[in-house]
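Thanks for asking me to look this over.

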Amino acid sequence: MNKTLAKKNTLSLLLNLIVIIMLVITLYPVIVMISVSLKKLNDVFSVPVTLIPKDFSFENYLQVFKKMNITSGFISSIIITVGTIVLITSISIPAAFAFSKLDFYGKKPLYFLVLVSQMFAPVIIIIPLYSLLNKINLIDTYPSLILMNTTFNLAFIILMLKSTFDSVPKEVGEAAKIDGCNSIMTLLRIYVPVSSTGIAVAIIFAFTRTWNEFLFSFTFMSTTNKKPIIVSLYEILKNNPTLGVPWHYVMTGAVYTTVPLVVLFLLIRNYITGGHTEGAIK
Amino acid sequence: MIKSKNFKKNDKLINMLYIIPMCIIFIIFIVIPILKIFNLSVYERKINGTLVFVGLQNFKDFFTNPDTSLMLLNTAIWVFIGTACKILLGIIMALILYRNFFGKKVATAIILIPYAMPAAVSCMIWKLMYNPVFGHINQILRDLNLIDKPLNFLGNMNTSLLAVMLVNIWAVAPFCALNILSSMYSIPTYLYEAAKLDGASYTKQFFQITLPLISSSLRTLTILIGIWAFNAFDVIFMMTQGGPANSSLIMVNDIYQNAFQFNNRGYSAAISVISFALLSIFALLYIKSKNSEVTYE
């Protein structure tokens, strides 16, 4: 009996050890980011490399706004993200409602189109998109990025919202119909309030994906002050030789860029696995 | 009866108003551009800016280009081996997280962080860590006495693809783990209890219960991760630009380079068409797999 207990104890010790190793590997780059963001620049380049800064330089977190041009990056990112959220919710809520509860011409082929469209990387059609936006004078403007982020997240958000609306019992809508609500009123007065959690999760997804978007932001924006934060940070790296990069400020900026995302992801962590694999033709 | 049928028909028409905005966006920004790509792939832009019809010449150029085979091989390694690693690590992490231990909730939240981080940020961190002089990875290898002189992971033709793959695997494997974990939770626990009573070992339980029951959702996940890998442009673009000497170049990066850096738009469109065809196969597989998924509840 004692023997099995001892065996069980070593097993659980081993398990805990594996968990710790797994977490250390997963978190190591994050620790590096925080460590470098607290170093002085000459400490970053000094060998041997240490994880714990020689002297902590917390003022990096204030200096980065003065020394680097990242304030405009954050403002641009916020404008683009908010714009995308407004546009994407106003298009996807009615569409998801129609796919979930209504009957209309072309429902099946359109649903198939929604499903398939999210499989193709935007980079495949970047040339025609560039010429199109250039033709209507939208290159190097916020609306171009708002439109692109909306287009390439739309299918995903519609599928998420559709499954949210699917879980609302049909009787709820029918009761509203008997009370004289038309379909628009049923959507706005009943389905939207009932599904507020699902809609909030969808908005957070739209936020994170827009915040992270790189391809279009990098290709379409040429005015420095209009570039979103992701591109501003990348360009500090791109425009300097490796030894000339102010790594401590880049990593400070990276921390500022990452924190809101991680917080949002932790808020919706129970919905993440469902979100991405939603959507089958039933 | 006839009246109500007409009424229904009318409704079907009116209900289309709900999806018109979506259709407009899709037609303008996805459908028409895809058709344009097919059109563009048979033209070549001359130096003076005029488009000349060249037929299938761009495709011929693609298959006769000596760099193509390396690029296709890189793409295959990036997609297939990368996906295999992500899924395998995902299963291992999910198995660890499935069991009860102190701090399980915190651990599950922590492994989400690599996935939540913007790709650009993780690329910057890894670029710093890979640096031959002041990078952390070389320092660790020095501390362990594994190397005499610094290794330049991103600048070496033999290691550049593996180095960028590692970044991508690090970012996506936790997502796989969480997905696999949620399908593992949907397996009724009485199956394990019965197996335990019969004296089945953990390995036996895994191969006889867990794996068969998660296999259908695992297949869907694998195809999805493969599609994402094929489409992953950011990591390679930011870390190596496909270099050195194309050693880490994959298809989507080739498309971008030809379009915006070498100004070979027709050639780039031809690669887009080929990618589109490949992705269509993956997409159909995904939908088929998704539809045949079974749940055990």
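Predicted model: local features only at pLDDT ≥ 70, side-chain atom pairs only at ≥ 80, totals over all residues.

1. Residues are numbered from 1 along each chain as its sequence is written, and chains are lettered from A, with ligands numbered from 1, in the order in which they are written.

2. Chain A has 14 helices and 0 strands (helices are DSSP runs of H or I with at least four residues, strands runs of E with at least two, numbered from the N terminus). Its C-alpha trace spans about 75 × 75 × 35 Å along the principal axes. The radius of gyration of chain A is 24 Å, whereas a compact globule of 282 residues would have one near 19 Å (taken over C-alpha atoms; the globule rule is 2.2 Å times the number of residues to the power 0.38).

3. Chain A splits into domain 1 (2-58) and domain 2 (63-276), with bounds from an automatic or database domain assignment. Their centres, taken over C-alpha atoms, are 34 Å apart. In contact are 8 residues of domain 1 and 7 residues of domain 2 (contact means C-beta atoms, placed from the backbone, within 7 Å). On the domain 1 side, α1(A) gives the most, with 4 residues.

4. Now to the pairing of the chains: 75 residues of chain B are in contact with 72 residues of chain A. Helix α14 (residues 265-291) of chain B supplies the largest share of the chain B side, 13 residues. That side consists of 56 nonpolar, 13 polar and 6 charged residues (Ala, Val, Leu, Ile, Met, Phe, Trp, Tyr, Cys and Pro count as nonpolar, Asp, Glu, Lys and Arg as charged, and the others, Gly among them, as polar).

5. Within chain B, α14(B) also packs with helix α13 (residues 251-261), at an angle of about 160° and with the axes 8 Å apart (axes are lines fitted to C-alpha atoms, for helices over the stretch in contact, and angles run from 0 to 180 degrees between N-to-C directions). The angle therefore makes α13(B) roughly antiparallel to α14(B), the word used for angles over 145 degrees.

6. To find this helix pair on screen, look at B:Met251, B:Ile255 and B:Ala259, which are among the residues of α13(B) that meet α14(B). Residues on the α14(B) side include B:Tyr267, B:Ile271 and B:Ser275. By class, the contact has 6 nonpolar, 4 polar and 2 charged residues.

Notes: Contact = placed C-beta atoms within 7 Å. Parallel < 35°, antiparallel > 145°, perpendicular 65-115°, else oblique.
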